[in-house]
Amino acid sequence: MSIDGLLAFGVNAVTPFHQNAIVERGSVIMSLPKVYHRFSPSPFLPNKPFSSSTLPPKSLSIPKNSRNCRFHKNKPIKTMATSRFHNLFRLKAVVSSENGGGAPNASVSSNLTLDDQESALGSGYRIPPAEIRDIIDAPPLPELSLSPQRDKILFHKRRSLPPLSELARPEEKLAGIRIDGKRNTQSRMSFSTGVGIHNLLDDDTLGPEMEIHGLPDGAKINFVTWSIDGQHLSFSIRVDEEDGSCSKLRVWVADVETGKARPLFQSPDIYLNAIFDNFVWIDNSTLLVCTIPLSRGNPPKKPLVPSGPKIQSNEQKTVVQARTYQDLLKDEYDEDLFEYYATSQLVLASLDGTVKEVGPPALYTSIDPSPDQKYVLIYSIHRPFSFTVPCGRFPKKVDVWTADGKFVRELCDLPLAEDIPIASSSVRKGMRSISWRADKPSTLYWVETQDGGDAKVEVSPRDIIYTQPAEPLEVEQPTILHKLELRYGGISWCDDSLALVYESWYKTRRIRTWVISPGSSDVSLRILFDRSSEDVYSDPGSPMLRRTPVGTYVIAKIKKQNDKGTYVLLNGSGATPQGNIPFLDLFEINTGSKERIWESKKEKYFERVVDLMSDQNEGELYINQLKVLTSRESKTENTQYYIQRWPEKKACQITNFPHPHPQLATLQRGMIRYKRKDGVQLTATLYLPPGYDPSRDGPLPCLVWLYPGQFKSKEAAGQVRDSPNEFAGIDSTSSHLWLARRFAILHRPTVPINGEGKEEAKDRYMEQLVVSVEAAVEEVIRRGVAHPNKIAVGGHSYGAFMTANLLAHAPHLFCCGVARSGAYNRTLTPFGFQNEDRTLWEATNTYIEMSPFMSANKIKKPILLIHGEEDDNKLTLAMQSDGFFNALKGHGALSRLVILPHESHNYLARESIMHVLWETDRWLQKYCVSNNKNADT
């Protein structure tokens, strides 16, 4: 699925992928082939929510630990400043000296007894005990990115958690996105506070840091991007103003050799419009920038008296089934306001100061230069807008321009897409995934569905891939590159003799990889891999890519001395029954033979190949000249990065990051295996506190932290998808924090919801949920590490949904629960949820039986509900927790609801996070640690 497809589901910013999975806010829709791609050119790349190209991917998120060193792009997160829950206890900020986040509204001390805490429950924001607080307030490690020539590494300096005052900024909720009108960006972007450059020396060590200088005091940096030749950086700058607000964004550039930064535009009146795309290097000295039109004027004013009623009509009897989207347009004023903020003027700006406006102002959503720098793909959206779906489904126009801004031709003008079916693998009608071939100067390719975009329609072929030059001859028609029986999943380009085409189908979990020769129509096509996406043991790995001189990425062909074979490098996760053992294979495309040339040291470490480093020069790549970047971590050692060269394969360490939480440096981590009653093999990761000895210390209170999986087969459900040697990443709301409070943590026990054959997995959801979690609980009790009367359950989002269901349907397992940002009444999401393709009216019993709201009368164990007041996830509106709490209260259940002002689905502000941890710790201490009753009571 393309980024267009993600937006069709309401995702309004590029979503980080885990193992190249397509994600719908917490649920894996389809595991596509893991096309190995490059180290992120920058972790602050511009978001391109409407770019059609998905392969090769442009950034890689590693490692998973958010407080560890990271390589990924920033994520705008959204919020709103007003409360809808006037009947609830609302947290109040209380000024205190405990202000590690720099917020004016900080937290009151938590150094109180449990009785004192009970008497102070209404006193405002709280902070957790020092054991937890100190981990959260530790300075974050930097984010890194490699230069195009692989000779430099940027260190992006980060700050700790933002204060609540930043989240409280006014914002507009329009067309599925949240906009900071003052900055003219999506709301609440994270930022870098500084950028340092290190040379990667010939001896594979890092040189001294050179700081980018010349920036305004307090500069907040975003969208850091390398020029194609690696000689310059471009980025945006914003600063805090005297009234406490933040300025609009300006574009800056920096010379990489000197570190000197300066504004790109000499005029102080040119600002960046970062609602969608922002800027891109056209060549080594010119950027194409989305700016706020100089003639824009003030925002439209909301009329005091409406011009008429709000009317929506379906007199044509069109079938429109849409998910429960958030923040949609509501009226004509919203339409005008969205158009006001989203309209950009494209400007060509050179490093020598030359500035030229190109094209008319429009709602430009993506700008994509051709590899030869002669053309630009221009994406835009336009009216008529919709009150039913987000902006990703608005009418979309794709044009080809010359690099100097002259219109060449229109590729397509797609109509409003309100009627995309909810069935998985359904897509938009018409041209999609339009992009440039990475191996050609200016050749376009795209996909067109043959089933009308409806996955339920049986047709062959289902998708067709076309190619065409940017400026075809008058009689030149698009060329059919390949016909697909499943849904198109992307292409990895190499040259005219080799490309890999991916297709997949969610319902069957089938995934296929084709070998094609794009330049030879007489060469027969063949399937390279045909497997189940669920079968991680059979995953052959993904092809590593090399950078071309023009900045694109193609499959890296590897040569062996005196061997004419066609070799590529397959980088794989190496899933095995003993855990993941990542590998690098030398794979011969024509014969299928392979040689394992590198493998993680499985006895102690978890290592991965991160990037190819020997492609900075043109020409053939020989195996004995191979150079790669790897990462290494263990249970107790945080991630560090290494250079390895062939043939010696000696690892030279290039980073030495401090341990992000030394208090837990000696925590105990292990993968455990067990079976549920029907014989399905299950796994979980068990964490134990530092120094714990079960024979000496006895069983501990235990927190089981949940999130489900959905599988078509029992065999796939039992496969191991983790490594026993991975470093324990601890983020700001992680369950691992309670290791510091001497809890055992059972993290993400496998909870497979299987649907064999034509059986729908959700129809046996409750049965499989209970039997899976019951097996996990019995295992930690059998091992003697968990006290049977002191086991709590918790989860976030769909994990919260599971938590509530378990307290209702398996109360004998747990003493209490913590449910964050969940959805509890599935009738409020009637057109599907979490890979459920049937509607409420097609599967009424399933929707009702799965809803904890309908079983509120059965919940007798203490349950803590926490929710961001401005949750932006389409499935988990804050009203879900409000309604569920009222149902619990109506049946006398021991329950507590905490609504976090200004927070969305994932919590950001220091005050909010500290309070969430305090609430959770208080709940666990009172209803878990202090519980002496049998869990069945």
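**Strand pairing, helix packing and burial in a predicted model**

Six bridges join strand S15 to strand S16 (residues 344–350), and the two run antiparallel. Strands pair if DSSP finds at least two bridges between them. Strands (E, at least two residues) and helices (H or I, at least four) are DSSP runs, numbered from the N terminus. The model is predicted: local features need pLDDT of at least 70, side-chain atom pairs count only at pLDDT 80 or more, and totals for chains, interfaces and linings use all residues. Residues are numbered from 1 along each chain as its sequence is written, and side-chain values use heavy atoms, with hydrogens and water left out.

Confidence was examined along the chain. The mean pLDDT (the predictor's confidence in each residue, from 0 to 100) of the protein chain is 86. A value of 70 or more is reached by 86% of its residues. Residues 1–110 stay under 50. For that stretch the model has 408 contacts beyond four places in sequence, where contact means heavy atoms within 4.5 Å.

Strand S15 spans residues 286–291. Opposite Thr286 stands Ser350 in S16. S15 also pairs with strand S14 (residues 279–283), antiparallel, through four bridges. A hairpin of two residues joins S14 to S15. Phe279 has Val289 of S15 as its bridge partner. Six of the six residues of S15 are buried, so the strand is largely enclosed by the rest of the structure. Buried means under 20% relative accessible area, exposed over 50%, and partly exposed in between (1.4 Å probe, protein chains only). Thr286, Leu288 and Cys290 point one way from S15. Leu287, Val289 and Thr291 point the other way. Both sets are buried.

Helix H5 (residues 332–342) is mostly covered, with eight of its eleven residues buried. These are Tyr333, Asp334, Glu335, Leu337, Phe338, Tyr340, Tyr341 and Ala342. The cover includes S16, which also pairs with S15.

Ser631 has Tyr641 of S39 as its bridge partner.

Helix H8 (residues 765–782) packs against helix H9 (residues 798–809) at an angle of about 85°, and their axes are 10 Å apart. Axes are lines fitted to C-alpha atoms, for helices over the stretch in contact, and angles run from 0 to 180 degrees between N-to-C directions. H8 and H9 are therefore roughly perpendicular (65 to 115 degrees; under 35 is roughly parallel, over 145 roughly antiparallel, the rest oblique). H8 contributes Tyr765, Met766, Leu769, Val770 and Val773 to the contact. H9 contributes Tyr798, Phe801, Met802, Asn805, Leu806 and His809. The contact residues divide into nine nonpolar, two polar and no charged. Ala, Val, Leu, Ile, Met, Phe, Trp, Tyr, Cys and Pro count as nonpolar, Asp, Glu, Lys and Arg as charged, and the others, Gly among them, as polar.

Trp841 sits in the loop between strand S48 (816–820) and helix H10 (844–850). Trp841 is exposed, with a relative accessible area of 58%. Not counting residues up to four places away in sequence, Trp841 touches Pro830 and Phe831. The C-alpha atoms of Trp841 and Pro830 are separated by 7.8 Å, and these residues are eleven apart along the chain.
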